Amino acid sequence: MTMKKNYLLSFLFILLLGITSCQKDDDGGPSVKYTNLTEATSFLSRSAGELKTFVAVAGIDIPTDRFIYNVDIYKITYETTYKGQTITASGVVILPDTEEKVSMISFQHGTIASHAEAPSASSLQSTSLILYAAMASPGFITVVPDFIGFGASKELLHPYYVKEATATAVVDALKAAHQLAQEKNVNFNSNLFLAGYSQGGYATMAAQQSIENDPLPGFDLKASFPSSGGYDVKGMQEYFFGLETYDNPFFLAYVALAYQTYYDWTEPLSNFFNEPYAAEIPALFDGSKSGGQINEELSYTISELVQPDLLENIDTNPDYQYLVDGFNDNGLTDWTPTTKTYMFHGTADVTVPYQNSVDSYNKLIENGTPTSVLTLTPLEGFTHYTGVVPYVEAFVPLLLEYQ
């Protein structure tokens with residue numbers, strides 16, 4: 001989960017679905033053809049020099065000497081699935097201008113609520129778009145999915161913290177990027193990396209789990225860099241309910257409305273929230289308001305926002321079992337990662353608490369994940385909002401070691 005303008009510094013990349021066919025290259029190796037890309041519009045080009053200058057001026061300490069390729073930025077639409085139906089989703093793909101073989105990275109963005117915040121809605125001078133482009137310059141096909149509910153699929157409510165829908169949108173965006181690279185004669189070497197901050201960290205781990213369970217032909221997932229996500233969704237609910245006040249109450253409303261919509265729950269929002277908030281919440285998520293604007297329409301006091309019986313009896317009242325099951329089913333602590341996974345989290349984070357990453361890490365280790373595969377790096381003293389740049393400065397050098 002995440003918000004605020006600082007999230008423009010987050011990079012995102014995602015994957016899923018599409019029809020494939022396997023042929024043979026001249027050297028006898030497999031050649032995968034994906035066909036779920038529906039449109040790609042050239043949007044902007046940036047030179048390596050421009051990107052070096054921007055990152056230096058921004059004061060981000062990453063190796064700009066590795067920015068060697070000019071890049072071309074595309075807005076794409078692609079086919080994915082939502083609740084069993086084929087829909088059109090969208091995002092951004094950035095291609096490095098080179099004949100050399102290059103890798104792919106998908107960076108998942110943090111929480112957004114307004115349609116204007118979608119990556120594909122970025123303006124020519126968007127800070128986030130420039131930073132995404134900077135990720136491509138060292139030699140990475142960079143994928144930034146909008147997620148379902150934004151861009152081409154904005155008529156749908158975003159399935160916030162719904163694991164299946166999140167992973168599917170990411171994986172299908174990767175397939176579409178694979179197709180675009182082939183069409184533009186960009187030589188993808190099959191090496192794939194995932195990264196993302198806050199909700200993007202959750203989306204990164206969800207996509208990783210999906211790819212490990214159902215490998216993508218033509219992709220070789222090398223490493224994952226999730227940061228500051230609420231991986232233990234039930235743990236997040238327990239954290240929220242234990243607070244007196246919370247600085248982003250729209251997160252709670254977002255999850256409840258998304259789950260009600262995605263799972264077709266018949267229970268009214270008044271089972272979850274006090275009035276007048278229960279009646280007002282659906283209209284707040286029409287895509288016209290940012291998370292900050294939605295916060296102002298809610299209460300920062302948990303007991304004023306959340307229905308008292310739910311607050312006190314969620315784990316003991318069987319009437320709420322469906323809700324507990326929803327949180328548990330969408331958690332990311334019940335598997336054993338096999339891909340090298342570098343977790344990061346700010347130790348002073350109280351928005352998505354550092355302890356959630358600690359608990360998630362411990363559960364994954366208890367499941368049998370070796371410490372040689374999974375690491376958790378504390379970003380000492382950083383909050384949810386100040387931890388973005390330290391995260392970028394920490395994971396990018398690790399990423400470049402794989403080149």
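Predicted model: local features only at pLDDT ≥ 70, side-chain atom pairs only at ≥ 80, totals over all residues.
Visitor: How far apart are the mean positions of the positive and negative charges of the protein?

Guide: Taking the 19 positive and the 46 negative charges of the protein, their mean positions lie 9 Å apart.

Visitor: What does the secondary structure of the protein come to, and how compact is the protein for its length?

Guide: There are 13 helices and 11 strands in the protein. Its radius of gyration is 20 Å, close to the 22 Å that the globule rule gives for 403 residues, so the protein is as compact as a globular protein of that length. Along the principal axes, the C-alpha trace spans about 65 × 45 × 45 Å, and 59% of the 403 residues count as buried.

Visitor: Where is lysine 163 found, and is lysine 163 buried or exposed?

Guide: Lysine 163 belongs to helix 3, which covers residues 163-183. As buried means under 20% relative accessible area, lysine 163, with a value of 15%, is buried.

Visitor: Which residues is lysine 163 in contact with, leaving aside its neighbours within four places in sequence?

Guide: Among them are Tyr202, Ala206 and Gln209, together with Asp329, Asn330, Gly331 and Leu332. With aspartate 329 there is also a reach from the side chain of lysine 163 to the backbone oxygen, at 3.4 Å.

Visitor: How much of the contacts in the protein with a separation of 6 or more do residues 24 or more positions apart account for?

Guide: Such residues account for 81% of those contacts.

Methods
Residues numbered from 1 in each chain as written. Heavy atoms only, no water. Helix = DSSP H or I, 4+ residues; strand = E, 2+ residues; numbered from the N terminus. Buried < 20%, exposed > 50% of the residue type's maximum accessible area, 1.4 Å probe, protein only. Contact = heavy atoms within 4.5 Å. Polar contact = N/O pair within 3.5 Å; in protein donor to acceptor, adjacent residues only side chain to side chain. Rg over C-alpha atoms; globule rule 2.2 N^0.38 Å. Lys, Arg positive; Asp, Glu negative; His and termini not counted. Charge placed at Lys NZ, Arg CZ, Asp CG, Glu CD.
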